Amino acid sequence: MTCQNDLQAVNKSDIDDYAREREKSLQRLAAIINNSVAGIISFDRQGRIKTINNAAREIFNIPLEAELRRIHEYIPQICFPANETARKMCTGIPLEETLGERTEGSALCEQGNQVMIEFSISRINIDGEDEFTAIINDISERKIAEADLIEARYIAEEASRAKSEFLSNMSHELRTPLNAVLGFSQLLEMNDFGMPHNQNIKEILNAGRHLLSLINQVLDLSRIEAEKLDLDYQDVSPAMIIVETLSLIQNTADEKQITIECDLNDLSDQIINTDPVRLKQIILNLLSNAVKYNKEQGKVSIKVEKPEVAKISIHIEDTGRGIAAEHLERIFHPFDRLDSQSYLVEGTGIGLTICRHLVQIMGGTIDVTSKPGQGSCFAVTLPC
Ligand SMILES: Nc1ncnc2c1ncn2[C@@H]1O[C@H](COP(=O)(O)OP(=O)(O)O)[C@@H](O)[C@H]1O
Ligand SMILES: [Mg+2]
């Protein structure tokens, strides 16, 4: 008898403890739900709301005294099709299909105004009945910021397009009269007017040719930016192109008593499929930099290598002033000529920008290594 009483006493205190613990845990859970910054709503299969936390009331502007509507009256995207036909007619997303998915959409507040939300729904089964919990975040501000960003980007792209178009039209317009100036100067050059007129005509021709090359560079850059530059692929010999380019730079190199060495490394028969005019432009640009930024009596060497079976590398090395490590990326930025020293030398600051774009369009890479005070080496690697 005593024993049974003891047992009853133990059981009763256990049950009380359990009930107290359960009560505490429910309170904890309620606090978590109510303090959550995300809206939390649980509802049944008919959309009837069972619980709603403070954050959800705030999102949908539902006062405490208001009678709760069904979930799809707040989030019209959620629908509860009763059968297959209804599912096909559904304007939103059938409830089952939203489960576990992060979905974005617009929702309606109590007063009818719209709010942008992101929600995800999970399902639990209680006593054989399905119940659903929606976790909801108000993303209206984020969406406005995103829309502003898209608009700002569109405006910037439009401005950039307009600038490229202007540059391209302008360069075209400048080239026409310039060609006339060059043409007539060439005609004059054929005559002997005596000194100093012959020299003056030469100066006009030199300045005109320089101006034409600047205009052509600007035109190239605007074509590249507008993605309107088409390459004319042919089977070409890089060795031939190098030899042709060397003859174009030789005079300038001689003026500074710079020696140019060329090592084709038995690759004079190598053929690659590329645009010969553009390849020449790349090599000429790099060679002219190697001469321009070199010292008097300096050295330039051009070397062809085959680092891999399907690749060919052209290295152009100089003994010039070199480029500081922190400027190695800047030299490829349009119109960046680094420092005042560069401005003593003629140039636009877009040669390397164009080179890098061209090499990339050809499916290759351009790399530079440099030791300030000792020289630089530019390597163009192309597929072959
Ligand atoms: N071989 C080189 N040695 C030293 N500096 C160079 C060399 N090549 C290019 N640079 C630097 O990079 C800048 C950009 O070169 P580039 O785009 O060819 O323009 P530009 O020669 O018209 O100034 C140059 O102004 C120069 O400061
Ligand atoms: Mg240059």
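I began at ligand 1 and found a polar side-chain atom of R337 at 2.6 Å from one of its oxygen atoms, which I count as a polar contact, meaning a pair of N or O atoms within 3.5 Å. I keep in mind that this is a predicted model, in which local features need pLDDT of at least 70, side-chain atom pairs count only at pLDDT 80 or more, and totals for chains, interfaces and linings use all residues. I also note that residues are numbered from 1 along each chain as its sequence is written, that chains are lettered from A and ligands numbered from 1 in the order in which they are written, and that side-chain values use heavy atoms, with hydrogens and water left out.

I next looked up N289, where an N or O atom of the side chain is 2.8 Å from an oxygen atom of ligand 1, and G351, where a backbone N or O atom lies 3.2 Å from an oxygen atom of the ligand. I then read that the protein covers 98% of the 530 Å² of accessible area that ligand 1 has on its own, an area from the Shrake-Rupley method with a 1.4 Å probe.

I turned to the open sheet of five strands, ordered β9-β11-β12-β14-β13 with mixed pairing, where strands are DSSP runs (E, at least two residues) and helices are runs of H or I with at least four, and two strands pair if DSSP finds at least two bridges between them. I noted β9 (259-263) and β13 (365-371) as the edge strands, each pairing on one side only. I also found that seven bridges join β12 (residues 311-318) to β14, and that the two run antiparallel.

Notes. Polar contact = N/O pair within 3.5 Å; in protein donor to acceptor, adjacent residues only side chain to side chain.
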